[in-house]
Amino acid sequence: MTKLKDWLIAAAVLVLGRGDPPTREPEERIVAAGEPERRAENVVLLLFLLATLAGAAFIVVYALDRLSDQTQWLGLSIGAAFALLALACTVIARRLVVTEEIAEPYPEESEDAQQEIEQIVEESGSRFTRKRLVTVAGAGALGTIGAALLVPAASLGPLLHTGELYRVPWRRGRRLVDESGRALTAADIEEETFYTAYPEGADRELIGAPIVVVRLPLSEIHDRKDWAPRGIVAYSKICTHAGCAVALYRKPTFAAVEPRPALVCPCHYSTFDPARGGAVLFGPAGRPLPQLPLEIDRSGHLRFAGTFSGPVGPGWWGVRMGKARS
Amino acid sequence: MKLITALACAALVLAPAAAGKDRRGAALYAANCASCHGLNGQGVPTPTPGANGIEGQGPPLRNVGALAADFYLRTGYMPLANAHDQPSRRHVVLTEAEIRALVGYVASLGHGPPIPTPHPGSVPAGQRLFTDHCAGCHQAVAQGGYVTGARVPPLTDATDRQIAEAVRIGPYLMPRFSTKQITPAQLNDIVAYVDYTKHPDDPGGWAIGHLGPWPEGAVTWLLAAAALVGICTLLGRRLRA
């Protein structure tokens, strides 16, 4: 604890400390010394403070999920933060920086030139009386607005409790139903087309719920033959790249000369082979589309028979560390 | 008795005409289709040198029916010079009479579905169905796009009948949809929506070729950039003055 305190004090001294190295006073000024502008400086400090508050307000509004008109408040706060920042910059440029137009021939290449520019920049700030305070206030405003822009990233997903990401609503023996909730039978599934299905009686909004079902000639099934009764195969409908719905199915009209059947994601054209366990044929997806083992019960209905071949959903940092589980 | 006689006479008169049409269809088939689809529509599974030096190869046409023949001939998809090419919409060389004869002949090769007659239904229902079944490839406003290994055609030139036919047969890499998946009534709705996309309302104003949100955003940014540069120039001039 005391260590943390020491560090905080050290950081404060570093930022606010007066331990400036003594600056050499040049013999001759380039930019005329300006009158100190105490009032303008106060205005700038106030504007920076308000910009900081507006940035912080964005973070607060973002965290308050139930706020009515949240979107409008978000826009108002971040908009105000940028507007105040712009105003502060305008006041600095018009009131505080010493401006002077100097016409001179294009300078010869020399070592002094760089020094001269540094001197001009240094002297242009002669109106500032509390340079360090203004710098800190400006950095504070910029930092808060930056933090406000980064905060929404927290909504992208759970950071620590990632167990939820592996959960799927499929249990062994659960029937497949179509969009209208009707249980699918093996006879319903025809070749050369595709079907979207869900687990019976489960929440369809869950990422593991939607699946795509296609039927291939039994002879064409290359991998996991026992997962594909009568050539019917089922895969998660969520692309393993960015989580879009795999909504495209291409099937050849004349297989001898045309590309073989594939499930394609319309977002970035990741292409998966339904005959080979969802292997990636093309595109940015880094792992195969997770396959579901199927079985046909006595009444001819399709049922889930076991576990997914891999975790369902888009790629994230720990996706390969776990397994899909019910 | 009189009726039967009349019918018999009519049959005698019409029979040669029908046979003539059939012969014409057979001749057209032999000249334009047989090297790839086989003399009797049995298909040519492996490349086989045929008439006119064409390396023939193609699927069987036994039970495709008038529906498929009508679609492929009226869109100019067939005849196709090279079996490895993706068929695309082209100028139709055959005359109306020739197409009718050829469609009749292909239909006579087996038992296939007849030519459908769609009647455009509800546009909102059609939009939902189109989004579910078609938009993945053809895009939300039917402008077409790509699927790995093929181009997806825009539907701007597709007639109502061709839309109804394509849904059932699934040309080239497109999946086909049975009447169980898309009922005839639902198909009518889809046709209505595709017709609507040919002349959409464009409530937002400038449509920019219906290319979608990304190009629209890019155009907006370009305009905004031009405006910003203009404002900067104006400010600079005032400061210099």
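Two residues are in contact here if their C-beta atoms, placed from the backbone, lie within 7 Å. By that rule, and leaving aside neighbours within four places in sequence, Leu263(A) is in contact with Val212(A), Tyr235(A), Val246(A), Tyr249(A), Phe272(A), Pro274(A) and Leu289(A). The model is predicted. It has a chain A and a chain B, and the contact takes 22 residues from chain A and 21 residues from chain B.

**Where chain A meets chain B**

- On the chain A side, strand S5 (248-250) and strand S6 (262-264) each supply at least two of the residues that touch chain B.
- S5(A) gives the largest share of that side, with three residues.
- By class, the side of chain A that touches chain B has 14 nonpolar, three polar and five charged residues.

**Domains of chain A**

**Domains of chain B**

- For chain B, the domain assignment gives domain 1 (21-107) and domain 2 (123-207).
- Their C-alpha centres lie 25 Å apart.
- Domain 1 of chain B puts 11 residues into the contact between the two, and domain 2 of chain B puts in 11 residues.
- The side of domain 1 of chain B that touches domain 2 of chain B holds five nonpolar, three polar and three charged residues.

**Nonpolar cores**

- The largest nonpolar core has 91 residues.
- Within this core, the residues that touch the most other members are Val213(A), Leu263(A), Ala69(B), Leu102(B), Val106(B) and Ile163(B).
- Helix H3 (residues 65-74) of chain B supplies the largest share of this core, seven residues.
- A second, separate core has 20 residues. Among them are Ala54(A), Phe58(A), Phe128(A) and Ala141(A).

**Helix H5 of chain B**

- Helix H5 of chain B spans residues 123-133. Its buried residues are Gly126(B), Gln127(B), Leu129(B), Phe130(B) and His133(B).
- The cover over the buried residues of H5(B) includes helix H6 (135-138) and helix H8 (184-198) of chain B.

**The open sheet of chain A**

- Chain A has an open sheet of five strands, in the order S1-S2-S3-S4-S9. Their pairing is antiparallel.
- Strand S1 (176-177) and strand S9 (291-292) of chain A are the edge strands, and each pairs on one side only.
- Strand S4 (residues 232-236) of chain A and S9(A) run antiparallel and are joined by two bridges.
- Ala234(A) has Leu292(A) in S9(A) as its bridge partner.

**Phe308(A)**

- Phe308(A) sits in the segment after strand S11 (302-304) of chain A.
- Phe308(A) counts as buried because 23 other C-beta atoms lie within 10 Å, and the cut-off for buried is 20 or more.
- Not counting residues up to four places away in sequence, Phe308(A) touches Val168(A), Ser236(A), Pro290(A), Leu292(A) and Ala324(A).
- One of these, Leu292(A), is the bridge partner of Ala234(A).
- Arg325(A) is 17 residues from Phe308(A) in sequence. In space the two are 7.8 Å apart, C-alpha to C-alpha.

Notes: Residues numbered from 1 in each chain as written. Chains lettered and ligands numbered in written order. Predicted model: local features only at pLDDT ≥ 70, side-chain atom pairs only at ≥ 80, totals over all residues. Helix = DSSP H or I, 4+ residues; strand = E, 2+ residues; numbered from the N terminus. Nonpolar A, V, L, I, M, F, W, Y, C, P; charged D, E, K, R; others polar. Domains from an automatic or database assignment. Core = buried A, V, L, I, M, F, W, Y, C linked by C-beta atoms within 7 Å. Buried ≥ 20, exposed ≤ 12 C-beta atoms within 10 Å, placed from the backbone. Pairing = 2+ DSSP bridges.
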